[in-house]
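Have the structure open beside you as you read.

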Amino acid sequence: MKNIIINDYGLFLGLRSSLLVIKKDGKVINEIALNRIKTIQVLSRGVSLSSDLILACANRGIKIF
């Protein structure tokens, strides 16, 4: 299980199927399967989260800080 740490300004965290998708300026930086994630920590200002991702994390018990 991974702890995902987001510390860059201007990132977007979204959901594609059962993948966490991390984008910057509309380009995909990384994709991670939700079943491999334990927590997501947002340490920077200016980060956007989709409501679909929040719901998927809540259903899977993934904590968002």
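Helix α1 (residues 51-60) lies across β2, β3 (19-24) and β6, and runs at about 60 degrees to β2. Such angles, from 0 to 180 degrees, are taken between N-to-C directions of axes fitted to C-alpha atoms, for helices over the stretch in contact. Helices (H or I, at least four residues) and strands (E, at least two) are DSSP runs, numbered from the N terminus. Please keep in mind that this is a predicted model, where local features need pLDDT of at least 70 and side-chain atom pairs count only at pLDDT 80 or more, while totals for chains, interfaces and linings use all residues. Residues are numbered from 1 along each chain as its sequence is written, and side-chain values use heavy atoms, with hydrogens and water left out.

Now to the sheet. Four strands form an open sheet in the order β4-β3-β2-β6, with mixed pairing; two strands pair if DSSP finds at least two bridges between them. At the edges are β4 (27-33) and β6 (48-49), each pairing on one side only. The pairings of β2 are set out here:

| β2 and β3 | antiparallel | six bridges | K23 |

Which residues touch the most other members of the largest nonpolar core? They are I6, L13, L20, I37 and I40, in a core of 15 residues. A nonpolar core is a set of buried Ala, Val, Leu, Ile, Met, Phe, Trp, Tyr and Cys residues joined through side-chain atoms within 4.5 Å. At least two residues each come from β1 (2-6), β2, β3, β5 (37-42) and α1, and α1 gives the largest share, three residues. Leaving aside residues up to four places away in sequence, L20 touches I4, L13, I37, I40 and L53, among others; contact means heavy atoms within 4.5 Å.

The structure also holds one salt bridge, defined as a side-chain nitrogen of Lys or Arg within 4 Å of a carboxyl oxygen of Asp or Glu. It joins the side chains of R16 and E31 (2.3 Å, N to O). R16 sits in strand β2 and E31 in strand β4, 15 residues apart. Side chains of opposite charge can pair when their charged atoms come close. Buried means under 20% relative accessible area, exposed over 50%, and partly exposed in between (1.4 Å probe, protein chains only).
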